[in-house]
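Me: I would like to learn how to read a structure like this one. Could we start with a single residue and then go on to the whole chain?

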Amino acid sequence: MAIELVPLPLPASADAAKLADFGREVKGVNPAEMTPELFKEIEEALYKHGVLLFRDAKVSSAQQYAFTKAFDPQSESYGHGNNKTGETKKSILHPDLKTIPSVPQVQLIGNGTVYNHEGLAEAKLKHPSHTTFHKTKVSPEDEAKGHTRFYRWHIDAALYDLNPPRVTTLYGITVPQGEKQVCRYDDGTGDELEVPLGTTAFVSGQIMFDILPAELKSLAVRSKVRYAPHPYVWMAPAHAMSTGLGIESEGLELPLEDLPAWEESKLKTLPILWKNPKTGGLHFQVHPCGAKELLVEPLPEGANREGALYPDGAHLTDLKEVRGLLYNMQRPAIAPSLVYPHDWREDDFVIFHNRGVLHTVVGAFAPDQVRAFHQCNLAASDEPVGPSAEDIKAYA
Ligand SMILES: [Fe+2]
């Protein structure tokens, strides 16, 4: 039986032609009850469309873990390692999640205080927001008018020691409703985007690559990013750009010698482009906040050198330069017309291809706006695969 796939409701701001393949609602399927045949179809659909939505889902933590694990049966621990609650207190992730005691791969995230939740007597949750992370702020007056920002565009990944999860599942259990907000970019472009309160915004990593000019495609296909050791601790004292797409270079990162103990062999050096295992497409998958260095391969023999960036290769270690290049490559794809802001309803169950899309939390909640989500992703059993020799020949 073929599953029924319906396009996601795109907002008026979206370029429907560019986002034609992006995201699908799966009708009549309960992610808690999978058969191997059904799972195969879902997996195929996920890698093709990037984001899948199941409405009116009833999924236990154990079932969410089982469904998430099915995409990578050899994976076992949460994407940042199990039992995060109480550990790595310096990490900026720490206040944002509480581990479900019986299923430590599943995290409770949200806002406000949640009581008697799956073995957690009292969980104080804080929706991460731009108000604590960005260099510049939305003024309280503008905030009262419903203006807000993207928090942080990212891939779900520890980016140190552990491999980036293949998929993430998000289950909306308690979803406060409220007025729509205006998400401002505040980067001099005048860009803004109307968003539902507390949306999760998604962009396609494939579109991010597709819309680049030839010289940046060539740079992307030849480059790898080296992430900082313990990147979330490293970046904790720093401030984000107003678009949430990376860090302002102010020299505020924690010095390497002040980080918790780290080993060279556990650093992550990952290609900029990750190859989709089903479609073969190339997705621009960089977590800009954690990026520290760029390693650029020289142009392959016979490639046209005219206008090429770093034709002889380079190892870039200047943070400002690294961030500037990444920003120029990633900013076009977060244009308002290319963003899908999901409008959460209670019992929405969303799975996204974490190696094919970028996403961000948006907006800010008042302490009395209680929101409870379950999130699950698993440190992958393998590293993402980069461009093939043919890909490099085609784009370098
Ligand atoms: Fe995330």
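Me: In which strand is the place of Glu194?

Reply: Keep in mind that this is a predicted model. Glu194 belongs to strand 10, which covers residues 192-195.

Me: Which residues is Glu194 in contact with, leaving aside neighbours within four places in sequence?

Reply: They are Pro11, Ser13, Lys180 and Val182. For a distance, take Thr148: it lies 46 residues from Glu194 in sequence, and their C-alpha atoms are 9.7 Å apart.

Me: Now the whole chain. How many helices and strands does the chain have?

Reply: There are 8 helices and 21 strands. Of the 396 residues, 47% count as buried. Among contacts with a separation of 6 or more, 77% join residues 24 or more positions apart.

Me: What does the radius of gyration say about the chain?

Reply: Compare it with the value for a compact globule. With 396 residues, that value would be near 21 Å, and the chain has 20 Å, so the two agree. The C-alpha trace spans about 60 × 50 × 45 Å along its principal axes.

Me: Where does pLDDT stay under 50?

Reply: That happens over residues 86-90, for which the model has 4 contacts beyond four places in sequence. For the chain, the mean pLDDT is 94, and 96% of residues reach 70 or more.

Notes:
Residues numbered from 1 in each chain as written. Predicted model: local features only at pLDDT ≥ 70, side-chain atom pairs only at ≥ 80, totals over all residues. pLDDT = per-residue confidence, 0-100. Contact = placed C-beta atoms within 7 Å. Helix = DSSP H or I, 4+ residues; strand = E, 2+ residues; numbered from the N terminus. Rg over C-alpha atoms; globule rule 2.2 N^0.38 Å. Buried ≥ 20, exposed ≤ 12 C-beta atoms within 10 Å, placed from the backbone.
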